Amino acid sequence: MQSFFAVCSRFGIPSLFLTHLFTSLNSRSIINRAVNSGAEMADIFKKSQQLGTEKYPRKSEKWIQYGTSGFRTKAEELAHVLYRMGILAAFRSMQKNAVIGVMITASHNDEPDNGVKLVDPHGEMLEASWEVIATELANVKNEDLESTMSNILENNKIVLGTNAMVYVGRDTRPSSPFLAQAVIDGIKSVQGCVTDFGVVSTPQLHYFVTCQNTEKAYGEPDEEGYFSKLSSAFKALRGSNYDNGSYQHSLSLDGANGVGALKMKTFQEYLGNCIKVSIYNSGDGKLNYQCGADHVKVLQKPPQNMPLEVGTRAASLDGDADRLVYFYRDTQGNFKLLDGDKIATLVAGYIKKLIKESGVNLNVGLVQTAYANGSSTEYINNTLGVEVACVPTGVKFLHHRALEFDVGVYFEANGHGTVVFSSAATEKIKNAATDESLPAECITAAKQLFLLMDVINQTVGDAISDLLLVETVLHAFGWSVAEWDAAYTDLPNRQMKVSVADRNVIQTTDAERRCTDPPTLQTEIDSIVAKFSKGRSFVRPSGTEDVVRVYAEADSQANADKLAHEVALKVYELANGVGNAPLLPK
């Protein structure tokens, strides 16, 4: 027996794996099969490292970190990372005994970039402890891949050979097919099974993973199931009167030349005539170039190649269709943005109205980040009477906090968000919708709430689902886009970013609203902010690149621009800025 362990040790087989085997051994025949299993495991590791070294080698010493959006950088630097994330996804599936998702996308980034993120069993972002494992695996030397794989299995009590199933999706970038193949090769190298969905939106992949892991209780894990579920609920809520009050059922949509435009074209076949969507930037141009939700939000101007008449309701998706913002021109021709804050307040107000009318006792909460406009927070507290929670930037933080409410609404200001209903809330709403002893108006409101849950993709922020949600609320209220915007007035704001040598030099606290390092930076920011009426500013490191993001708001757009610029210059000075100093926004 000792010689057997010695042989296995030479092949790098974890002792934990052997211990697990021998705790259940009852006969010599089983021991003989264990020897074969150990040799097979060593062979799998060796072949996996060989394929990684020969076809997907790590070619540079550049360190890459799994951040809030997974790995994201230039596409040509990612082949080895994607191969290794295929391996990791299979290991995670073995550990959780569930389907894991892998999405190849760089979201709103420029077309030459790409990235990858893993989706955990309930459609949520990858567990934080596994972000560390992902970073380690992505950065080890080629010759250390085999031993690192072995350590991951041993440290996480995973037995190689356990059934593994991974769902893979990708966006429309030219680099995505090759990188998707790298993921698939990684999964198969450790005997995992793959379902390749091809080109899908990021939220669709989250949805498919959740459906499969709930044994289809949440829905069918394919595009047909996704489109059918959302469209059926949307049409039922809309009824036969497509227009209502000031609301008109026509919409202009900027597809960012990405996957959202493709899927919206397909979706229109399910929606029929109940909403008319004119799609611009539908795939003929460059992804996210002068278009898309991030372009509209940050630059606060409409996308290119899209006419915008006064009063026309318009919206933009981002490259992988998980962000949504609305906009229009007012009667003076001014561009007006309705971002994630406006969407959150609209939705929260409608849900609270339906809950009150249904008579169901539920706690509603709205989760924001430091990027939320100060006027929105005041409106939520004072007008809506909804509890507000503030968390660090990143959907995983908002989503987890939202789960603490019966009904949790969360949207980042960039337009990424959704609504989550607890199982208890879902049951209460369902019961009220079928309780004939309740007044008719209570039953009607409960039924509307129950249908609304099927319009919402609760697994993650979904721009297409959120679009239907917004259109549902506006139709119910009978509001034009201008009437929606009139609920409260945003403080003028500006976002900037400063390139630095190392983003980790910036450390923050208080949900990223205060900077702790470099030591004197927050004092300088406070001094600058004090010069501006209604001034507020904060800085935070990017989760994906070596830049520091600056946010500022003030009583006028000119002052917001000046405040952001002065803070950006201070960041450049104290946080080792690289390249040219920041310029005053135009």
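In the predicted model, Ala 79, Leu 82, Tyr 83, Gly 86, Ile 87 and Ala 90 of helix H4 are in contact with Phe 178, Leu 179, Ala 182, Val 183, Asp 185, Gly 186, Ile 187 and Ser 189 of helix H7. By class, the residues of this contact comprise 10 nonpolar, three polar and one charged. Helix H4 spans residues 79–96 and helix H7 spans residues 176–189.

Two packed helices are described by the angle between their axes and the distance between the axes. For H4 and H7, the axes come within 7 Å and cross at roughly 40 degrees. H4 and H7 are therefore oblique to each other, since angles under 35 degrees would count as roughly parallel. The crossing of H4 and H7 is right-handed.

A further packed pair is formed by helix H12, residues 340–358, and helix H13, residues 374–384. The axes of H12 and H13 lie 10 Å apart, and the angle of packing is about 15 degrees. This angle makes H12 roughly parallel to H13. The crossing of H12 and H13 is right-handed.

On the H12 side, the contact is made by Asp 341, Thr 345, Ala 348, Gly 349 and Lys 352. H13 contributes Ser 376, Tyr 379, Ile 380 and Leu 384. The residues of the H12–H13 contact fall into four nonpolar, three polar and two charged.

Conventions: Residues are numbered from 1 along each chain as its sequence is written. This is a predicted model: local features need pLDDT of at least 70, side-chain atom pairs count only at pLDDT 80 or more; totals for chains, interfaces and linings use all residues. Side-chain values use heavy atoms; hydrogens and water are left out. Axes are lines fitted to C-alpha atoms, for helices over the stretch in contact, and angles run from 0 to 180 degrees between N-to-C directions. Helices (H or I, at least four residues) and strands (E, at least two) are DSSP runs, numbered from the N terminus. Angles under 35 degrees count as roughly parallel, over 145 as roughly antiparallel, 65 to 115 as roughly perpendicular and the rest as oblique. A crossing is left-handed if the near helix is turned anticlockwise from the far one by less than a right angle, and right-handed if clockwise. Contact means heavy atoms within 4.5 Å. Ala, Val, Leu, Ile, Met, Phe, Trp, Tyr, Cys and Pro count as nonpolar, Asp, Glu, Lys and Arg as charged, and the others, Gly among them, as polar.
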